[in-house]
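Here is a friendly briefing to read alongside the model on your screen. Please keep the sequence and the 3D view open as you go.

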Amino acid sequence: MEDPQLPKKRQLPKLMACMTKTSLENLRNRALFSLEALDAKGIRRRKRPLHQCLILELRESGFFESSDYLQDLIYDNIQLVKNDDIGIVVDLRKREDYLEHICAGLIQAEKYRDKGDTKKECLELLALAIHYAEMGKGILWLAEKFFLASIAVSSQYLIDGGRQKGCCKYHYAKFLLDKFPGADPEEPFVILTEVRDCAIGKDWPLYEAVEGEERVSTEMLFSATAIQLHRVLVNKARTCRTKEVAKSETLARLAERRARDADDVPKTAEAIIEIGISQLMMNNLNNAQKTFEKAFRIHTESNNIEGLCETKMHMAAVMQRLGEYEKAAKLLTEMGALAMEHNLRRQLGQALHLLGELHLRSERPELGTQHLTEAFHCFLGDSCLSDADTKRQAETAKKDGDDIDVIFEEETKGVVYEVEAEQSRLMMSISAGQELMASYFNLIREARKCSIAKIKIIEWKLSKSGWWVKRYHHDLLPCLCPIHKRSPLDILRIQLLKESPAFSQSDVDTSLGRTGDIQDIRKLRSSFGSVEGNKSKYISLISIYCIKTFRFA
């Protein structure tokens, strides 16, 4: 039979008609018209670098100031790239998208300048600055250039009383604080102080509605500046707390005033807590307690759970300094319960850690080790919730699918507080060492009468072999103390019985055990009657015993 599926025949290529002179000319013309037309601008961009082309194009189009400004930016960028040892600065000559975007912004700003619209020119430069401030570390120098240019332009616009200049200064100071956290905050602090002085008593909005936007933030320039000043002052207070505690308290009080200017309750409570910490470091315990209670009332009214946990932690520190360890432990326990109720793993770990340290200082290392171990696992994310909470969340996840509890659980598993976990691990080892120290002192006392205790101390001194570990060779050492009651003959008997397969452990206990009184002797004599049938076994055992005795002799 023939196969129904036969291979198809190879299709022959389509043959074109013979090309004539006319058809070739038409094909050539179609190919020429399909090519992209290049003018002088396109030819220049193919032969020269883009930044040079853009500088020339801006000048040819009449934007001389933009051309000169772009040329200065390229020159500054070349110098920065040469002095960059780690290769973090972005080379604008290799980023065509950045160059095109900068040129478009500069052209728009110069158009507004030619129209005499200084405000829109300033806003255009400010938009460029904010845009490049979020593009990474390598381009921050360009954002700073645009911030300074916007401030310079806004200085010429005084119709609004200086609001636009204040907004540009505010954004520049916030840029310095956000992008350069390790730098000296004195410059942004001075800038923010100037802005605040100009905005006192004036309802200047920080943002204005742009064309096409219906909603705009209602934040005021005075409030926003006060918040940033609070931020700088709190950081300064924390920095100088170790060396100049009085200055730290003064800065914290100024931060509280700035927070009250902005009507920000959480920031106010944060500054009050900083005041209390400074008072605690100065050993002004009564005032520190009153200050923390004031912060506690503020957090209670605003129902800020994290703030309540932090305040309880500091109040426990005050109680501990006052010597009231029971009250301190109670506050820390309440803090841990509150944190566990609201699934705050970091605060729960802090409460457990501080409870462990408190027990350790109260000479209860066994409790301290337990709490510090739990804190260590909590910081690592192993035991954030109790078993009941975990089961409840699992049931909720099964019923409702992807719920908010599941999202929170995944987040807690991903976040690991490494620094806090390392501190808990270190304190846990110290607490465990304190537990062993107590047992070591007891071992030294026992060594007066116990030979095994002496051997354990010698092994610890020579080879750091732990005395808390039970070892087999300690059972084969003679010791006449009331605890062990083992003579050399008992050791030999134990070894003989272990080497002899004929006797079980019950035989060892009944026939060859130690006799302490007359009743034991009677029991031993009565047991001989039950082993009359095993005389051969006893004879062999006695012979082995005699041979070994003569060897040792």
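Predicted model: local features only at pLDDT ≥ 70, side-chain atom pairs only at ≥ 80, totals over all residues.

Residues are numbered from 1 along each chain as its sequence is written, and side-chain values use heavy atoms, with hydrogens and water left out.

**The largest pocket**

- The largest pocket holds about 840 Å³ of space; a volume here is the space filled by probe spheres set on grid points, which are joined across faces, edges and corners.
- A pocket is found on a 1 Å grid over the protein atoms alone, as an open set of points where a 1.4 Å probe fits, with protein on both sides within 12 Å along at least five of seven lines; lining residues have an atom within 4 Å of a point.
- The lining consists of 39 residues, and Glu310, Met313, Met335, Arg346 and Gln350 are those nearest the centre of the pocket.
- Two or more lining residues come from each of these elements: helix H12 (265-281), helix H13 (285-302), helix H14 (305-322), helix H15 (325-341), helix H16 (345-361) and helix H19 (404-414).
- H14 gives the largest share of this lining, with ten residues.
- Helices are DSSP runs (H or I, at least four residues), numbered from the N terminus.
- By residue class, the lining of the largest pocket has 19 nonpolar, nine polar and eleven charged residues.
- For these classes, Ala, Val, Leu, Ile, Met, Phe, Trp, Tyr, Cys and Pro count as nonpolar, Asp, Glu, Lys and Arg as charged, and the others, Gly among them, as polar.

**Salt bridges**

- A salt bridge is a side-chain nitrogen of Lys or Arg within 4 Å of a carboxyl oxygen of Asp or Glu, and the count by this rule is 25.
- Lys179 pairs with Glu134 in a salt bridge whose closest N and O atoms are 3.6 Å apart.
- Lys179 sits in helix H8 (residues 163-179) and Glu134 in the loop between helix H6 (118-133) and helix H7 (140-154), so this pair ties together parts that are 45 residues apart in sequence.
- Lys179 is partly exposed at 30% relative accessible area, whereas Glu134 is exposed at 57%.
- Lys327 and Glu324 form another salt bridge, with 3.4 Å between the closest N and O atoms; Lys327 is partly exposed at 47%, and Glu324 is partly exposed at 31%.
- Asp475 and Lys470 also meet through their side chains in a salt bridge (3.9 Å, N to O); Asp475 is partly exposed at 31%, while Lys470 is exposed at 71%.

**A nonpolar surface patch**

- Met437, Phe441 and Ile444 make a nonpolar surface patch of about 260 Å².
- Patch residues have over 30% relative accessible area and no salt bridge, and nonpolar side chains (Val, Leu, Ile, Met, Phe, Trp, Tyr) are joined within 5 Å, like charges within 9 Å.
- The accessible areas come from the Shrake-Rupley method with a 1.4 Å probe, and for residues only the protein chains shown count as cover.
- Met437 belongs to helix H20 (residues 418-446) and is partly exposed, at 39% relative accessible area.

**Positive phi angles**

- Asn343, which is not a glycine, has a positive phi of about 60°; this residue is in the loop between H15 and H16 and is buried at 17% relative accessible area.
- Lys485 also has a positive phi without being a glycine, near 55°; Lys485 is in the loop between helix H21 (451-463) and helix H22 (488-499) and is exposed at 53%.

**Sequence and space**

- Asn284 and Val318 are 34 residues apart in sequence, and their C-alpha atoms are 9.6 Å apart in space.
- Asn284 is in the loop between H12 and H13 and is partly exposed at 29%.
- Ile55 and Ser66 are eleven residues apart in sequence and 8.3 Å apart in space, C-alpha to C-alpha.
- Ile55 lies in helix H3 (residues 50-60) and is buried at 12% relative accessible area.

How values were computed. Buried < 20%, exposed > 50% of the residue type's maximum accessible area, 1.4 Å probe, protein only.
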